[in-house]
Protein chains: 2
Amino acid sequence: MHTADDTDLKIDHIPQTLREIALEKLRTAIINGRFKSGARLVERTLCDQLGVSRSVVREAIRYLEAEGLVEIAPRAGPMVARLDWSQARQIYDIRLLLESHAARACAERADAQTKARLTDALHALDAAMSQGGGAAVYQATTAFYEVIFTTADHYIAWEIVQRLNSRISRLRALTLAAQDRRVSGPARMQQICQAIIANDPAAAAQAVRDHLTEAAEIARRLLEAEAAGERES
Amino acid sequence: MHTADDTDLKIDHIPQTLREIALEKLRTAIINGRFKSGARLVERTLCDQLGVSRSVVREAIRYLEAEGLVEIAPRAGPMVARLDWSQARQIYDIRLLLESHAARACAERADAQTKARLTDALHALDAAMSQGGGAAVYQATTAFYEVIFTTADHYIAWEIVQRLNSRISRLRALTLAAQDRRVSGPARMQQICQAIIANDPAAAAQAVRDHLTEAAEIARRLLEAEAAGERES
DNA sequence: TGCGGTCTTATGGTATACCAACATACCAGG
DNA sequence: CCTGGTATGTTGGTATACCATAAGACCGCA
């Protein structure tokens, strides 16, 4: 009881720096497509938009660059990172390895609490899908996978997967908008959820593989259609 | 012929910024153990040591933070990231997935050039081992794996693996210094090399798994011994 | 000696100034 | 009209100034 009181009095919540706020806003703006792939990120313009000095903007850009969301082209300054199919394919491959591994571990150790959290996350995803909101679907999907990775104690893999997902956020938005994916996406995640609830590691890993194989194929087709559209114009 | 001349005249080599130089030096200093795990990285001290302004140092720290080599503790400022066994174990697990996958792909597609490059890299590693230099062994090991990942066209996975290796650099130095590892490490990499030269993907993947399973076990033992030593003092 | 209060110093967060380099616009001459 | 030279504006790289906060040192009093 005395220990609990000490913990309650501890000041854990450090005020957020401007840098942290700016970083979060820029990252979200990139993920949400406000800044398009290849778009220049001009420091002074961002300063005006964010209402902070160049120091803050520059430091935020450094993070985003290290995360792969921003690239610096010679003589051109920072731009939102571009993504070709080769890179996207690699990202889907890595996700497949890490996510199937996490789902397996999660299925091995899922207790009643985990199962309830997963079921809740799936319901939230269905609700987001019904409302049609892209960002809300993105967040609900992220929340679902977060349950899996944290249950599996795969914190570093989760960090990596989130980074990779940010880099393909544009592709994810496209695939989520694709008609066939809107039907099969939730069904795939339902399968993942059920395998975990059944404590069946092999089925959970396989459900993830099916899910991502399909997502990658849709993404590839969409990128090709886009490239064909550009070639004709 | 006209095309070749145009390419030759292109100015590709952008001068390095101070920021890039400082980042490289700091990263190397952390990896090489000059700045110990948990050590405070005081900006003004680093400015004096590097001979640059605080802007440069701060921006470099932002990269290192995003790479996981530096952490910011509340009310304490930047320090070299600490690593516990749980994190290290996760890192070895992820490496195992990504490296075995790359070795498999490399073995599937290795041509004579790849085989020669791998053999050369292994010789360089043996030479570095004979000279006993820790940093040289680290670099030679990195060069060996780089051949594998680039042959496999796994560029993003290689980026991730390098990041992860930086985070466990201290552990890697410890395990490389361990007597039994000095004997078995080159033998393990010889096995990886031979499986790839034989174009045997399954053997290559298995050789990587054996290699990393052993490295992780040695690391675990060393960390435990270290923790036991600290508990007695 | 221990505790509380005050002062000083160190440090990170943030803003701003300065400069170099590059890209673009404009003008003059052939 | 085309080309070369010059001027201008934009932008990133870097240094420095300012400020708030936290930690530590110091001093006085009981």
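Which residues of the largest nonpolar core touch the most other members? Select A:Phe144, A:Ile148 and A:Ile196, then B:Phe144, B:Ile148 and B:Ile196: of the 98 residues in that core, these are the ones. Keep in mind as you click around that this is a predicted model.

**Stop 1: the cores**

Zoom in on B:Ile196. Leaving aside residues up to four places away in sequence, B:Ile196 touches B:Ala103, B:Cys106, B:Ala107, B:Ala110, B:Lys115, B:Leu118, B:Ile148 and B:Ala204. Another core, of 40 residues, lies apart from the largest one; to find it, pick A:Ala22, A:Ile30, A:Val80 and B:Val70, which are among its members. As a rule, nonpolar side chains in soluble globular proteins tend to be buried together.

**Stop 2: where the chains meet**

Now color by chain. You'll find 29 residues of chain A in contact with 29 residues of chain B. Between them the two chains bury about 2700 Å², with 59% of it on carbon and sulfur atoms. On the chain A side, show A:Arg62, A:Leu97 and A:Ile156: they lose the most area to chain B, together 22% of what that side buries.

For one of the salt bridges, select B:Glu59 and A:Arg58, whose side chains meet at 2.7 Å, N to O. To see the chain A side by element, highlight α4 (54–66), α5 (85–109) and α8 (155–167) of chain A, the elements that each give two or more residues to it. The residues on that side divide into 14 nonpolar, four polar and 11 charged.

**Stop 3: salt bridges in chain B**

Over all chains, the whole structure holds 34 salt bridges. Start with B:Glu67 and B:Arg27, where the closest N and O atoms are 2.7 Å apart. B:Glu67 sits in the loop between α4 (54–66) and β1 (70–73) of chain B, while B:Arg27 is in helix α2 (residues 18–31), 40 residues apart. Buried or exposed? Both B:Glu67 and B:Arg27 are buried.

Move to B:Glu43 and B:Arg54, another salt bridge at 2.7 Å. This one links helix α3 (residues 43–50) of chain B to helix α4 of chain B. B:Glu43 is buried, at 15% relative accessible area, whereas B:Arg54 is partly exposed, at 33%.

Last, select B:Arg109 and B:Asp153, with their closest N and O atoms 3.0 Å apart. The pair connects helix α5 (residues 85–109) of chain B to the loop between α7 (134–151) and α8 (155–167) of chain B, 44 residues apart. B:Arg109 is partly exposed, at 43%, and B:Asp153 is partly exposed too, at 31%.

How values were computed:
Residues numbered from 1 in each chain as written. Chains lettered and ligands numbered in written order. Predicted model: local features only at pLDDT ≥ 70, side-chain atom pairs only at ≥ 80, totals over all residues. Heavy atoms only, no water. Core = buried A, V, L, I, M, F, W, Y, C linked by side-chain atoms within 4.5 Å. Buried < 20%, exposed > 50% of the residue type's maximum accessible area, 1.4 Å probe, protein only. Contact = heavy atoms within 4.5 Å. Buried area = accessible area lost by both parts, 1.4 Å probe. Salt bridge = Lys/Arg side-chain N within 4 Å of Asp/Glu carboxyl O. Helix = DSSP H or I, 4+ residues; strand = E, 2+ residues; numbered from the N terminus. Nonpolar A, V, L, I, M, F, W, Y, C, P; charged D, E, K, R; others polar.
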